[in-house]
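Please keep the structure in view while reading.

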Amino acid sequence: MVTKDYVDSGDGSSINTILITVAAVGGGNRYFLDGVQQANAVLQPGFTYRFDQSNATNNGHPLRFSSDSANSSPYTTGVTAVGTPGSSGAYTQIITTQATPVTLYYYCTIPVSYTHLTLPTNREV
């Protein structure tokens with residue numbers, strides 16, 4: 001499992017972009033974050049993170065967040081989805097705050113063999 005820290009060194013006004021692609025692996029589709037299969041991402045509170053889904057491989061694979069591993073509780077606070085995944089300009093964006101759950105999960109709203117992984121929000125500012 002690969003974990004990547006997405007730390008913004010600016011004043012919090014910039015958008016951190018994470019490129020999302022989808023590929024079939026082991027009989028199921030998997031998300032790749034910046035080219036890494038099902039990576040964990042450490043996000044910092046107080047920043048904006050844009051999960052860029054404009055790559056054609058995202059067609060039919062809308063990314064969303066959940067506060068539980070079963071994805072029965074969609075997390076929507078500070079979350080915006082724009083466009084159609086796989087089309088130019090499509091993304092899902094989250095603005096993190098101190099109130100954002102310490103652990104979030106990202107998943108596809110169309111269940112197609114995705115493993116649900118944690119997106120821990122690092123509280124050490």
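Strand β7 (residues 63-66) pairs with β10 in the antiparallel sense over four bridges, where strands are DSSP runs (E, at least two residues) and helices are DSSP runs (H or I, at least four residues), numbered from the N terminus, and where two strands pair if DSSP finds at least two bridges between them. The model is a predicted one, in which local features need pLDDT of at least 70 and side-chain atom pairs count only at pLDDT 80 or more, while totals for chains, interfaces and linings use all residues. Residues are numbered from 1 along each chain as its sequence is written, and side-chain values use heavy atoms, with hydrogens and water left out.

**Overall make-up**

- The secondary structure of the protein chain consists of zero helices and eleven strands, so that along the sequence the pattern reads β-β-β-β-β-β-β-β-β-β-β.
- Of the 125 residues in the protein chain, 43% are buried, a class that means under 20% relative accessible area, with exposed meaning over 50% and partly exposed lying in between (1.4 Å probe, protein chains only).
- Among contacts (heavy atoms within 4.5 Å) between residues at least 6 apart in sequence, 67% join residues at least 24 apart.
- The protein chain exposes about 6000 Å², of which carbon and sulfur atoms supply 51%; accessible areas come from the Shrake-Rupley method with a 1.4 Å probe, and for residues only the protein chains shown count as cover.

**The six-stranded sheet**

- An open sheet of six strands, with mixed pairing, has the order β4-β3-β2-β6-β9-β8.
- Because β4 and β8 stand at the edges of this sheet with a single partner strand each, one side of each is left without a neighbour in the sheet.
- Strand β2 (residues 15-25) pairs with β3 in the antiparallel sense over six bridges, and I20 has L33 in β3 as its bridge partner.
- On the way to β6, the pairing is parallel, with five bridges joining β2 to β6, and N16 stands opposite Y49 in β6.
- Five bridges also join β6 to β9, which run antiparallel, and here D52 stands opposite Y91 in β9.

**Enclosed strands**

- Strand β6 (residues 48-52) has four of its five residues buried, so it is largely enclosed by the rest of the structure.

**The cavity**

- A search of the whole structure finds one cavity of 30 Å³ or more, a cavity being a set of points, on a 1 Å grid over the protein atoms alone, where a 1.4 Å probe fits but cannot get out, with lining residues having an atom within 4 Å of a point.
- The largest cavity holds about 40 Å³ of space, the volume being the space filled by probe spheres set on the points, which are joined across faces, edges and corners.
- Its lining consists of Q53, R64, A81, V82, G83, P85, A90, Y91 and T92, and β8 (79-82) and β9 (91-95) each supply at least two of the lining residues.

**A loop residue**

- D34 lies in the loop between β3 (28-33) and β4 (36-37), and its phi is near 50°, a positive value in a residue other than glycine.
- At 32% relative accessibility, D34 counts as partly exposed.

Terms used:
1 Å grid on protein atoms, 1.4 Å probe; cavity = no way out; pocket = protein on both sides within 12 Å on 5 of 7 lines; lining within 4 Å.
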